[in-house]
Amino acid sequence: MAKSNTKQKITLSQLAYIFIQSQIGVDILNLSTVLHREVGADGWIALLIGGAISIIFVLMILHISKCYPGEGLFEILQSTFGKVLGALAGFGYYVYFLVVAIYLLTSYGELINQWLLPETPVLVLYALLVISALYTISGGLTLIAKVFTFFAIILFIISALFLFGFVDAKFIYLLPMGQASFSDYVEGVRVTIYSLSSYVLLLLFIPYTKGSIKQKTRTLVGAHLLVISFYLYTVIVSFAHFGTDQIDHVSQPVLYMLRTADSVIITRIDIFVLSMWTVFAMTAFAAYLYAAERAFAKVPKQKKKMLNVYSASVIVLGVAYWGGLNEENIRSIIDFQDKITEVFTIYIPLLLFVLSFMRRKDKQKGTAQ
């Protein structure tokens, strides 16, 4: 089995920045509303539970990577399931990465069209994001790592601006706690895990990262805890600002929360935050476009990387434009994504984790003999 290309290596900190920005995409703006609709005021509790479960999946991914040293996601699939089934699973991930990229692109276009550029054709907005993402991934893994590292500071700027939401916050809106039903918690946890499901991308980056498995574990668990903390911070400030009666009717509570905030330096904080958020939209989109490119590169006789990237970009752009034509098309994309996300972010990683123990035992037997 072919091993990962070791010519391009990234540092542990770069791996952390890639992971963090892959996790923080579109969902950060509307997760509060979705959680409240599912779990009510206990949405932040469901977020904590889902966050804890997602950490377990991060540890599982690290264990899988340890059992298949030097192999990326698609090599692992073929090592585990064989050439034919592995190729089918790899193609499935190709479709999954494309669907997530389409969802990110359509959501980005809808938000920018609604808040910033209502008169600009949505196709132009899509094209700008695609061009930016193509440039980011054109230089390979090292350029991706540098771009993600450069933009990491934006997360802390946005976090500081979210403090304006506490001006009119009433934490009594978080009470009473523990009123949601078990089924409501399950739905809230499911939503949370889906929002944090970019841990699957780690199998594409871990083999190219310098450092021991222990160092990678500390780095990724710390990065994931930072993401969970940021999501929790966003959800709590949104709940406390709007309350139960309002938040269910606000599609992007973070932006509406900042719309009325006053600042001497920044006139419209919501527009400023949205402008910076577009960077996260681009980096998350670029990460999934890169993942789709890596999947397409495994197809026999596909050696020209940029041709693979352009093929994926054309597919994403075309379907996103079709989806952006009306609400029904967008809903079809989201529904399809929900159906396949569970398979590729939960079931297959679980299966790989279980089967990795068999590979470990085989290696131990081979060493003993």
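Predicted model: local features only at pLDDT ≥ 70, side-chain atom pairs only at ≥ 80, totals over all residues.

Residues are numbered from 1 along each chain as its sequence is written, and side-chain values use heavy atoms, with hydrogens and water left out.

With a relative accessibility of 5%, Leu-204 counts as buried, a word that here means under 20% relative accessible area, whereas exposed means over 50% and partly exposed in between (1.4 Å probe, protein chains only). Not counting residues up to four places away in sequence, Leu-204 touches Leu-73, Phe-74, Ala-291 and Arg-294, contact being defined as heavy atoms within 4.5 Å. The C-alpha atoms of Leu-204 and Ile-64 are separated by 12 Å, although these residues stand 140 places apart along the chain.

Two of the residues touched by Leu-204, Leu-73 and Phe-74, belong to helix H4 (residues 73-81), where Leu-73, Phe-74, Glu-75, Ile-76 and Leu-77 are buried. Just after H4 comes Gly-82, which takes a positive phi of about 95 degrees.

In the loop between helix H10 (202-205) and H11 lies Thr-209, which is buried at a relative accessible area of 2%. Leaving out residues up to four places away in sequence, Thr-209 touches Lys-9, Ile-10, Thr-11, Leu-12, Leu-15 and Lys-216.

Helix H11 (residues 213-242) itself contains Ser-238, and this residue counts as buried because its relative accessibility is 0%. The side chain of Ser-238 makes a polar contact with the side chain of Ser-32, at 3.3 Å; such a contact is a pair of N or O atoms within 3.5 Å, of which, within protein, one must be able to donate a hydrogen and the other to accept it, and residues adjacent in sequence count only if both atoms are side-chain atoms. Apart from its neighbours within four places in sequence, Ser-238 is in contact with Ser-32, Gly-243, Ile-247, Pro-253, Val-254 and Met-257.

The aromatic rings come next. Rings of Phe, Tyr and Trp (its six-membered ring) pair if their centres lie within 6.5 Å, and planes under 30 degrees apart count as stacked, over 60 as edge-to-face and the rest as tilted. By this rule the count comes to 16 aromatic pairs. One of them joins Phe-91 and Tyr-94, a tilted pair with 6.0 Å from centre to centre and 40 degrees between the planes. Because they are 3 residues apart in helix H5, Phe-91 and Tyr-94 are separated by about one helical turn; Phe-91 counts as exposed at 52% relative accessibility, whereas Tyr-94 counts as buried at 8%. The rings of Trp-115 and Tyr-256 have their centres 4.9 Å apart and their planes at 65 degrees, so this pair is edge-to-face. It links distant parts of the chain, with Trp-115 in helix H5 and Tyr-256 in helix H13 (residues 253-259), 141 residues apart. Trp-115 is buried, with a relative accessible area of 12%, while Tyr-256 counts as partly exposed at 30%. Ring pairs also link Tyr-93, Tyr-96, Phe-97, Tyr-288 and Phe-344 into a cluster.

On a 1 Å grid over the protein atoms alone, a cavity is a set of points where a 1.4 Å probe fits but cannot get out, and a pocket is an open set with protein on both sides within 12 Å along at least five of seven lines, lining residues having an atom within 4 Å of a point. About 1,000 Å³ of space lies in the largest pocket. Of the 37 residues that line the largest pocket, Asp-27, Asn-30, Val-34, Tyr-103 and Ile-334 are the closest to its centre. Helix H5 supplies the largest share of this lining, 9 residues, and the lining residues divide into 14 nonpolar, 15 polar and 8 charged.

The second largest cavity has a volume of about 60 Å³, and its lining consists of 9 nonpolar residues, with no polar and no charged ones. Among these lining residues are Ile-24, Ile-28, Phe-162 and Trp-277, and H14 gives the most, with 3 residues.

Key
Points joined across faces, edges and corners; volume = space filled by probe spheres on them. Helix = DSSP H or I, 4+ residues; strand = E, 2+ residues; numbered from the N terminus. Nonpolar A, V, L, I, M, F, W, Y, C, P; charged D, E, K, R; others polar.
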